[in-house]
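Thanks for taking a look at this one with me. Here are a few notes to read alongside the sequence and the model.

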Amino acid sequence: MRVPLKRGAGVPGPTHSDENTNVVEDCDSYVLVDHRGRRRRKPRPRLPPNAERDPARQSLKPRPPLRRVHHRPDAIIIRANDASSYAEILKKLKGDPALQQSVGSSVNNIRRSAAGALVLQLKKGVDNALALGKELGKVLGSTAIASAMLHTSTIEIKDLDECATKEEVTAALDALLGVPVSKRDPVKSLRKAYAGTQVAVVALPDDLAATALKLGHVRIGWVNRRIRAREEAARCYRCWGPGHMATRCKGPDRTELCYRCGQKGHQAKDCKGQPSCVLCRERGADDHRHASASLSCPLARKITQDRR
């Protein structure tokens, strides 16, 4: 049977029969129409140049954001033997014309601490708190003790080789920051790590620590070393106990004791005795042969891990 031709403009094209003897019309004048809807693809995130070529970069985890460092000015703390004599001490200091030029021009705020001591908060940018504290101590004599409180942030320099020394780390920091930090003795410890490397614990002023963390690396010897922030648990400077501050301290006053051996009369840098942790001895621990509240102290290490 024949198939009727479709209506169309113009002359119909030639016809031919298929294998079933059906007449098939020529389709030269037909137009293919695609009515399928196209799926909208999600935009791909922009990658840095050559990231697609390097498969190793795709497997790397993004670097965590830098820890914010709060810039806190230094201060001078005056502790008097008699709490009622702070007003007389302040009048004496203000009446000295020599102190007006050196100390008075550097003080930003005067207040009392939670323990009752007199706090002279210095202006931002004043970096001679130690010298100012010694100058006030000479004027006060035996009536009070003046000590400088330096606000510092602790960082870690990793991947040091086993031959690195504190002097090399300090010289590298001087060159990196452009400031002679060697006057503060910034390198607090240099301990062994994995695979024969070392880790240096450095205490710097808040602004210099923020600059070092932003740079991220320092060249010491032949290799660039990593600079990372150091997370520390809060520790009371009055009783040395971790987990609280001196404003809420109810423990004994250990401010005059040595951090290393726990004895009175000298500081840790001049200590020649055996290390003995006061906190571990109070709790009856078997092993207390380490400095109080140091990295070797299991109590301080446990609180630091809990914070992380």
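1. Helices (H or I, at least four residues) and strands (E, at least two) are DSSP runs, numbered from the N terminus. For residues 258–272, the end C-alpha atoms lie 11 Å apart, again with 0% helix and 0% strand.

2. Please keep in mind that this is a predicted model: local features need pLDDT of at least 70, side-chain atom pairs count only at pLDDT 80 or more, and totals for chains, interfaces and linings use all residues. Residues are numbered from 1 along each chain as its sequence is written, and side-chain values use heavy atoms, with hydrogens and water left out.

3. What does the record say about these spans? An unreviewed UniProt entry carries the annotation "domain: CCHC-type" for residues 235–250 and 258–272. UniProt positions follow the numbering used here, feature names are shortened, and annotations may be inferred rather than shown by experiment.

4. Helix α7 covers residues 278–282 and includes L279. L279 is buried, its relative accessible area being 4% (buried means under 20%, with a 1.4 Å probe and protein chains only). The C-alpha atom of L279 is separated by 6.5 Å from that of S292, 13 residues apart along the chain.

5. Stepping back, the chain has eight helices and eleven strands. Of its 308 residues, 29% are buried. Among contacts (heavy atoms within 4.5 Å) between residues at least 6 apart in sequence, 53% join residues at least 24 apart.

Conventions:
Buried < 20%, exposed > 50% of the residue type's maximum accessible area, 1.4 Å probe, protein only.
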